[in-house]
Amino acid sequence: MTMPAQEAAPTVAERRAARRANQTTFNLVIALIASLGIVLLLVVVVVRPDTQLPAIDYRAVGASAQGSVDEPLVIPDLPEGWTANRAELVSDPADGVTRWEIGFLTPDGAYIGLVQGVDANASWLADQVRSASVTGAQSHGGLTWDAYDRRDVPDPGNVEFALVTESGASTIVLGGTASDEEFAVLATTVGEAR
């Protein structure tokens with residue numbers, strides 16, 4: 001027995017609605033997979049910028065800057081693996097201290113900044129060591145260095161540890177995040193350069 005056309009119509013409409021509902025879910029899953037694929041491609045392919053500054057020849061910068069000051073600038077001769085990403089001579093009229101600054105990256109990727117202040121004063125030094133107190137003394141390269149250990153401070157910044165010495169009219173500050181051994185290497189080469 002055949003059904004009248006009116007009774008068959010809802011059944012066809014229901015099937016079409018069910019098929020459209022399934023297609024919507026299927027299309028959603030396909031679109032989601034395609035979107036995730038595009039995101040994965042972007043993460044893998046997109047080149048990330050190099051945030052590390054390029055290495056510079058601090059010896060050449062120092063030789064060029066030496067003509068601007070009477071005090072001999074410290075230009076250490078470091079072993080293989082050490083690089084400098086910054087070197088400049090800065091004259092600051094606010095504190096009257098001329099500074100020779102070099103930013104070093106150690107072979108382990110840690111940072112040590114060398115700052116040589118010419119005719120520096122106590123407030124300049126306090127600023128360089130973040131107002132820390134002397135925690136000990138060390139001898140490297142024929143110089144006696146005061147140590148400032150801030151590694152136990154909640155947010156020490158780039159000066160977790162510092163070594164400070166005076167030579168001639170200069171106050172030399174080594175400050176950074178490197179290991180004691182790397183500080184000793186730099187302090188020794190600074191002493192040899194003086």
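Reader: With which residue does Glu101 form a salt bridge whose closest N and O atoms are 2.6 Å apart?

Author: The model is predicted, so local features need pLDDT of at least 70 and side-chain atom pairs count only at pLDDT 80 or more, while totals for chains, interfaces and linings use all residues. Residues are numbered from 1 along each chain as its sequence is written, and side-chain values use heavy atoms, with hydrogens and water left out. A salt bridge requires a side-chain nitrogen of Lys or Arg within 4 Å of a carboxyl oxygen of Asp or Glu. With 2.6 Å between the closest N and O atoms, the partner of Glu101 is Arg99.

Reader: Which residues do salt bridges with shared partners join into one network?

Author: Glu101 also meets the side chain of Arg86 in a salt bridge (2.8 Å, N to O). That pair links distant parts of the chain, Arg86 in strand E1 and Glu101 in strand E2, 15 residues apart; strands (E, at least two residues) and helices (H or I, at least four) are DSSP runs numbered from the N terminus. Arg86 is partly exposed, at 25% relative accessible area. Through shared partners, the network comprises Arg86, Asp92, Arg99 and Glu101.

Reader: How many residues apart are Arg59 and Asp77, whose pair links distant parts of the chain?

Author: The side chains of Arg59 and Asp77 form a salt bridge at 3.0 Å, N to O. Arg59 is partly exposed, at 37% relative accessible area, whereas Asp77 counts as exposed at 57%. Arg59 lies in helix H2 and Asp77 in the loop between H2 and strand E1 (83–92), a separation of 18 residues.

Reader: What is the angle between the planes of the aromatic pair Tyr58 and Phe104?

Author: Rings of Phe, Tyr and Trp (its six-membered ring) pair if their centres lie within 6.5 Å; planes under 30 degrees apart count as stacked, over 60 as edge-to-face and the rest as tilted. The whole structure contains 3 aromatic pairs. Tyr58 and Phe104 are edge-to-face, with 5.1 Å centre to centre and an angle between the planes of 85°.

Conventions: Buried means under 20% relative accessible area, exposed over 50%, partly exposed in between (1.4 Å probe, protein chains only).
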